Number of protein chains: 2
Amino acid sequence: MNQPDDFYWMNKALEQAASVMFVTTPNPRVGCVIVKNRQLLGQGATQKAGGPHAEVCAIHNAQDNGHDLAGSTFYVTLEPCSHYGKTPPCVDAIIAARPARVVIAMADPNPLVGGRGIARLQEAGIEVHCNLLAEQALALNPGFISRMLTGRPWVWTKLASSLDGRMALYNGQSQWITSAAARADGHYWRARSCVVLTGLGTVLHDDPLMTVRSLATPRQPVRAIIDSRFAVPETARIFNGEPVWVFTTHLDEAKAARLLAKNVQLIVMPEKNGHVDLDAVLAWMGKQQINEVHVEAGPGLNGALLQAGLLDELLLYMAPKILGDAHGLFRLPVLNELDQAYQFDFFETQTFAPDLRLRARLQNRWDTLLNSVVHK
Amino acid sequence: MNQPDDFYWMNKALEQAASVMFVTTPNPRVGCVIVKNRQLLGQGATQKAGGPHAEVCAIHNAQDNGHDLAGSTFYVTLEPCSHYGKTPPCVDAIIAARPARVVIAMADPNPLVGGRGIARLQEAGIEVHCNLLAEQALALNPGFISRMLTGRPWVWTKLASSLDGRMALYNGQSQWITSAAARADGHYWRARSCVVLTGLGTVLHDDPLMTVRSLATPRQPVRAIIDSRFAVPETARIFNGEPVWVFTTHLDEAKAARLLAKNVQLIVMPEKNGHVDLDAVLAWMGKQQINEVHVEAGPGLNGALLQAGLLDELLLYMAPKILGDAHGLFRLPVLNELDQAYQFDFFETQTFAPDLRLRARLQNRWDTLLNSVVHK
């Protein structure tokens with residue numbers, strides 16, 4: 001049963017998890033706070049892969065301050081692990097601390113955990129309460145959960161448009177439709193992703209770096225290009241010496257070797273309808289433990305991903321201006337019926353003055369993930 | 001100087017004004033509450049044109065309850081009138097009640113009032129405080145203020161689009177992109193307007209009634225059609241016996257006479273670029289004491305109004321779906337520079353699940369109106 005302060009403390013644990021947003025991949029972002037008699041004894045968040053998990057950090061934090069954790073309550077944003085990975089199982093550390101209660105936001109669909117963490121705690125006589133703020137916890141780790149459940153990352157696309165849905169003038173001009181504040185926020189999303197994915201068209205047209213720049217981050221995501229015919233110019237600025245993946249159906253060994261010297265990995269993919277099979281790209285990324293993919297591309301790649309059912313989330317920055325006839329956001333076959341429209345759900349609106357940021361996601365995909373983390 | 005409860009009571013007065021949203025035109029919606037010793041003594045709102053104004057209603061309400069208003073505070077959303085119109089000046093009624101203080105949300109730019117109301121109260125030894133929640137008060141009466149200041153109504157256009165800015169498929173299908181909840185809210189906006197304005201294209205394509213249906217209203221707005229060549233079919237459903245205005249440059253006397261029998265008034269307007277001069281239409285409406293115009297039209301008329309600088313506000317219902325290549329919201333000449341974009345400002349976002357309603361307005365127009373109602 002919930003106790004009155006449970007929401008308050010679980011929110012603190014979620015804040016801990018959010019504080020390591022750019023750090024933990026391929027592991028999930030997890031936060032933990034330990035409370036006794038309404039007092040915070042310790043808190044922590046999962047560190048870089050290989051480092052300690054949130055529960056262990058919080059226990060150390062509490063012990064460093066001389067607290068006895070017997071009879072305490074642990075708030076954890078993800079079911080504690082019960083298996084040996086790079087670190088020993090967190091459930092053992094929790095049980096050793098002899099808490100009275102453990103409150104867990106979401107269960108771990110990782111087949112190596114799969115409810116075993118919860119069961120181990122209960123077997124040790126600890127009261128376990130699950131599913132508190134599960135949706136908020138999932139929102140911090142949709143990629144990790146998607147990968148555990150379906151083998152592929154969570155994919156969002158960053159879009160910038162006018163109020164009437166145009167992303168560039170017919171002459172190609174698109175810099176800038178949205179404000180500096182909106183563009184800076186876009187870098188936050190690059191920073192939390194594992195891969196920034198674009199198309200050949202964007203490389204040819206904008207010659208972007210696609211790096212995280214407007215905020216500090218301990219790691220840069222891998223940049224990746226969908227380039228079915230392997231036509232990318234070797235002089236593109238994106239080849240800056242840091243890792244780039246190029247997905248193609250067309251192997252040119254000499255060009256691939258020259259690019260490899262620039263830290264560019266060519267990945268030959270199966271073909272589908274004359275282009276790189278995007279399903280295969282995401283499955284391949286899943287195998288590389290890629291949790292979150294940030295797409296920043298033109299109407300071609302966005303349309304192809306949408307048609308393939310691979311855009312899980314839209315991150316649309318909308319400027320309060322009207323452009324009239326100009327390039328749209330998605331290149332798609334012309335529809336003949338309104339009920340063929342691609343359906344999303346708005347779930348968040350925020351102002352980045354003078355622009356708005358609208359977020360929408362595929363309801364079924366989200367519900368599937370959420371269902372997988374709710375402990376029955 | 002503000003007193004601690006001023007915001008609270010002025011909000012009550014604004015609620016009173018909002019309660020007569022569909023009633024007062026061509027007069028402004030005005031609310032009044034009378035307070036003494038933190039107790040509400042009386043409240044009222046302006047009635048149908050020719051009926052009592054808000055201040056008099058509130059005084060009667062208080063007196064009916066046996067209250068002595070000496071030493072009280074009046075909260076009024078608009079500067080009280082000081083001239084004889086259809087009713088005697090409200091300032092006289094207020095002065096007779098002997099309040100200690102009058103708090104006024106916005107001044108009246110009506111040349112017949114023009115600060116005289118405030119001055120009369122001060123001359124009577126009453127403390128007057130102005131400009132409290134002026135922007136909220138203006139939002140209840142942008143049309144009246146626009147007409148007083150510039151001679152023309154305030155114009156908003158109701159738009160419905162997909163997330164990617166499309167209002168109909170190429171085959172014309174547009175019913176329905178947005179949800180029943182969004183469409184019902186659209187009727188609120190029709191109801192508060194004085195004129196519902198559409199174009200010939202919409203009449204030909206959708207054959208709409210353009211009446212207020214999904215909510216109760218004491219009056220229907222006039223429906224109006226921009227029809228430069230006077231090509232509207234006489235059998236259109238919009239000609240239902242209630243008043244319709246048809247603006248044209250092309251007089252066909254026989255057709256006009258037949259339509260007159262259906263309560264349709266033909267108004268011949270000057271021509272501009274081969275079409276009805278839209279500036280002239282709005283000036284003509286201003287002379288008819290039209291405060292607010294609700295546009296519900298296709299990309300042609302919306303584009304023409306936008307180009308003419310006559311769209312003051314956008315009311316955009318956006319469905320979380322993607323349509324790809326399809327009809328856009330505004331037909332405009334293709335732009336060559338991003339800084340030629342038509343600039344608005346978002347000022348409100350609301351959910352009409354599953355859709356969003358975004359409101360944006362022309363900043364300069366709004367600032368001009370607001371500046372005119374701030375008492376210096």
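This is a predicted model: local features need pLDDT of at least 70, side-chain atom pairs count only at pLDDT 80 or more; totals for chains, interfaces and linings use all residues.
Good morning. Leaving aside neighbours within four places in sequence, B:Leu14 is in contact with B:Thr77, B:Leu133, B:Gln136, B:Ala137 and B:Leu140.

Where does B:Leu14 sit in chain B? Its place is in helix H1, which spans residues 6-18 of that chain. Is B:Leu14 buried or exposed? Its relative accessible area is 7%, and because buried means under 20%, B:Leu14 counts as buried. B:Gly31 stands 17 residues away from B:Leu14 in sequence, yet the two C-alpha atoms are 5.8 Å apart in space.

Let me turn to helix H2 of chain A, residues 54-64. The buried residues in this helix include A:Ala54, A:Glu55, A:Val56 and A:Cys57, and also A:Ala58, A:Ile59 and A:Ala62. What covers them? Just after H2(A), A:Gly66 takes a positive phi of about 80°.

Next, the nonpolar cores. In soluble globular proteins, nonpolar side chains tend to be buried together. In this model the largest nonpolar core has 88 residues. Which residues have the most contacts inside that core? They are A:Trp245, A:Phe247 and A:Met285 in chain A, with B:Trp245, B:Phe247 and B:Met285 in chain B. There is also a second, separate core of 58 residues, which includes A:Val30, A:Leu41, A:Leu78 and A:Ala191.

A:Trp245 deserves a slide of its own. Setting aside neighbours within four places in sequence, its contacts include A:Val195, A:Val222, A:Ile225 and A:Ile267. Among the others are A:Arg223, A:Gln265 and A:Gln288, as well as A:Trp284 and A:Met285.

A hairpin of two residues connects S17(B) to S18(B). Within this pairing, B:Thr349 has B:Leu358 in S18(B) as its bridge partner.

Finally, how are the two chains related? Chain A superposes on chain B by a rotation of 180° with 0.0 Å of shift along the axis, at an RMSD of 0.0 Å. That is the relation of a two-fold axis. Which residue of chain A comes closest to the rotation axis? It is A:Gly165, whose C-alpha lies at 2.1 Å. Of the interface residues of chain A, 100% are also interface residues in chain B, so the copies meet through the same surface.

Thank you.

Key: Residues are numbered from 1 along each chain as its sequence is written. Chains are lettered from A and ligands numbered from 1 in the order in which they are written. Side-chain values use heavy atoms; hydrogens and water are left out. Helices (H or I, at least four residues) and strands (E, at least two) are DSSP runs, numbered from the N terminus. Buried means under 20% relative accessible area, exposed over 50%, partly exposed in between (1.4 Å probe, protein chains only). Contact means heavy atoms within 4.5 Å. Two strands pair if DSSP finds at least two bridges between them. Copies are superposed by least squares on the C-alpha atoms of residues with pLDDT of at least 70 in both. A nonpolar core is a set of buried Ala, Val, Leu, Ile, Met, Phe, Trp, Tyr and Cys residues joined through side-chain atoms within 4.5 Å.
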